[in-house]
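Me: I have a structure open and would like to talk it through with you. Could you look at it with me?

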Amino acid sequence: MTNKPLLSVIAAALLCAPLPARAQQAQQDFPEGPGKPTFVAVCGACHEANRVRAGYTPEGWRTVIRMMLNFEVPIPEDQVGTLTDYLIKNFPERPRPAAVVIEGPVQASIKQWQVSTPGSRPHDPLATKDGAIWYTGQLSSKLGRLDPKTGEIKEYPVRMQTAPHGLVEDKDGNIWFTGNHLSLIGKLDPKTGNVTEYKMPDPKAKDPHTIAIDQNGIVWFTAQNANMVGRLDPKSGEVKLVTSPTPNSRPYGLMINSKGIPVFVEFGSNKIATIDPNTMAIKEYTLPNAASRPRRLALGPDDVVWYADFSRGYLGRLDLATGAHKEWQSPSGPQSAPYGIVFTKGALWYNESFAKPNTIVRFDPKTEKFQSWAIPGGGDIVRNMDVTPDGNPVTANSLMNQVGLVEVK
Ligand code: HEC
């Protein structure tokens, strides 16, 4: 490694220089021990150092460090082991609810594939028209394409530290993605590997998140931390942004309904919203429980909204046309953390992301009955799902560095 001495010098300088406010906070609040100086100097630069309090298994911590190194976090090479041990010792996995697996009438089997680059953090999956399963390697700065028939994977590099997040296919087979760290929208042409980048017209538009294309070819995206929703016209490249009426509402999961209207959930509030595709006026619908935090949504064939209530462990249904609302506790309970969700083959399919192991849950809207399956190998964490042309759910499993396919018989 030619850059080792340089990194050591940078780290030494960081350790001696007066610490920025965030790092000073970390200095006080975190346990003593070898590894702490590196932690304080390095880990609060992009996100809160408090992120580590989420807690992981020893294997999970090794994966997190692998991911951060992929993302060019300047951990001096001779400190990687000490820092990893510090994190393993002080931030173990928190207690998680045991998965409740429910038998039922539907036959399904789950296949998982390891993606090529270790520590990729596959964030979102995408099932394309040609039968492939794509994923964003958020921390490997790659997009990947798996052929589920052969298991062959091809990865396409994007600019380092882009942090590709959501992705969608256009009618010509280009893959559009959000780059949440560099605040851009990208378009990959898989035939050439060329990436076109579209920058945000406003520097405040941080964290482009979920992406969808409407019936007119317009690209829509949420920008979570900016509290915005955006619209990109691929013909002109023009990007327009609007701010959500609710402060810090964290626009998150996004889908286009059958009438061409983008529908999104606000993960920072208990609201679901639509955006007028022409005027970009946002209309919000409030869920009855103030503690609800809808994270992702699925649309039924009737455009009814189904959502994963992450904070309370519920599956919810809201009919935007009538206001009718109903919710069901997810099988693994209040802490099950329902996350990625799709509607396919007449039912809801979603993931319980804090249940151990993670599950795939099916909910039949006619009988209102649940059925579920443990994901082989643990599954953690399915942040989004998609559906293949023949109606099977696909997953990306970020901490396991896998993508998955649920084959419904
Ligand atoms: C250069 C920017 C950067 C720095 C510096 C950084 N991270 Fe991260 N980290 C990221 C990004 C990007 C993500 C993924 C997006 C997100 O969730 O924010 C992430 C996510 C995480 C996660 C959540 C992982 C998961 O999948 O559950 C943890 C834990 C974490 N970082 C720990 C650390 C630690 C420990 C350090 C110091 C060694 C560190 N980070 C330094 C950019 C950074």
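Me: By class, which residues does the shell around the ligand have?
Reply: The shell around the ligand has 13 nonpolar, four polar and two charged residues, where Ala, Val, Leu, Ile, Met, Phe, Trp, Tyr, Cys and Pro count as nonpolar, Asp, Glu, Lys and Arg as charged, and the others, Gly among them, as polar. Please keep in mind that this is a predicted model, in which local features need pLDDT of at least 70, side-chain atom pairs count only at pLDDT 80 or more, and totals for chains, interfaces and linings use all residues. Residues are numbered from 1 along each chain as its sequence is written.

Me: And which residues are closest to the ligand?
Reply: Of the 19 residues that surround the ligand, the closest are Cys-43, Ala-45, Cys-46, Arg-51 and Val-73, a residue being near if its C-beta atom, placed from the backbone, lies within 6 Å of the molecule.

Me: Which domains does that shell draw on?
Reply: At least three residues come from each of domain 1 (4-90) and domain 2 (108-408), with bounds from an automatic or database domain assignment.

Me: Switching topic, where is confidence lowest in the chain?
Reply: Confidence is lowest in helix 1 (residues 4-16), at a mean pLDDT of 44, on the predictor's scale from 0 to 100 for each residue. Over residues 1-17 the pLDDT is below 50, although the chain averages 94.

Me: How many helices and strands are there?
Reply: The chain has five helices and 28 strands, taken as DSSP runs (H or I of at least four residues for helices, E of at least two for strands) and numbered from the N terminus.

How values were computed:
Contact = placed C-beta atoms within 7 Å.
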